[in-house]
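Please walk me through this structure.

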Amino acid sequence: MAVSIPVLVIVIALHLIAFVLAVGAERRRSTAKVVPDEYDEKTFCVYGMDASTAYGLAAFGLLLISQTLVNGITKCLCFGRGMMGGSSTTCAIFFFVFSWVSFLGAEACLLAGSAKNAYHTKYRTVFQVESLSCATLRKGVFAAGAALTLLSMIGSIFYYWKHSKADTGGWQKHQNEGLGMAASNYTESTERKG
């Protein structure tokens, strides 16, 4: 199997868009402030926009599509033909594990960050209690997801490249394969003899 440029372009594009969405989710995390209730002595939290939840879930989906594409094409290292032995196979296995570990870490950060960002505290407590705070997402969860998304992209690209080298033994398939037949000069040789 040779490396397909359109597959690489799609995988890189999906990872980069997921990275941009994860960075956008980090920058637009929900903010909250404690506001007194006008009817009783309790306070409640008022939250700002909730765009980072949508950004985080969109990045989660794009990263999932990209990982599915790479592993579907390479048959997830388990279900395809056997690969040629050597350093390419060893590198393919290493980058397979690396891409999966970074993918699962990124997905966990993006999904947990989206879920925690969507959680909103309603009422807090009575006025006399000091240091009230509203539940918000910690800074850096989506940033960790973004960093792991880039690592997943690097791992997926190298895994796909090394898998294609190990699958073919380093040889590229040529278009017009077959027996090369030379032109026959049979008529010329019989005319000379006769």
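**Cysteines, a salt bridge and a surface patch**

C109 counts as buried, because its relative accessibility is 19% and the cut-off for buried is under 20%. This is a predicted model, so that value is computed from predicted coordinates. C91 has a relative accessibility of 27%, so C91 counts as partly exposed. Now to the sulfur atoms. A disulfide is a covalent bond between the sulfur atoms of two cysteines. A pair counts here when the sulfur atoms lie within 2.5 Å. By this rule, the count is 0 disulfides.

Next, the charged contacts. The structure holds 1 salt bridge. Its partners are E26 and R29, whose side chains meet at 3.4 Å, N to O. How covered are the two partners? E26 has a relative accessible area of 13%, so E26 is buried. R29 reaches 23% relative accessibility and therefore counts as partly exposed.

Last, the surface. Which residues form a nonpolar patch there? They are L151, I154, F158 and W161. F158 sits in helix α4, which runs over residues 141-168. Its relative accessible area is 33%, so F158 counts as partly exposed. Patch residues need over 30% relative accessible area, so F158 qualifies on that point.

Definitions and conventions: Residues are numbered from 1 along each chain as its sequence is written. This is a predicted model: local features need pLDDT of at least 70, side-chain atom pairs count only at pLDDT 80 or more; totals for chains, interfaces and linings use all residues. Side-chain values use heavy atoms; hydrogens and water are left out. Patches are made of residues with over 30% relative accessible area and no salt bridge: like charges are joined within 9 Å, nonpolar side chains (Val, Leu, Ile, Met, Phe, Trp, Tyr) within 5 Å. Accessible areas come from the Shrake-Rupley method with a 1.4 Å probe; for residues, only the protein chains shown count as cover. A salt bridge is a side-chain nitrogen of Lys or Arg within 4 Å of a carboxyl oxygen of Asp or Glu. Helices (H or I, at least four residues) and strands (E, at least two) are DSSP runs, numbered from the N terminus. Buried means under 20% relative accessible area, exposed over 50%, partly exposed in between (1.4 Å probe, protein chains only).
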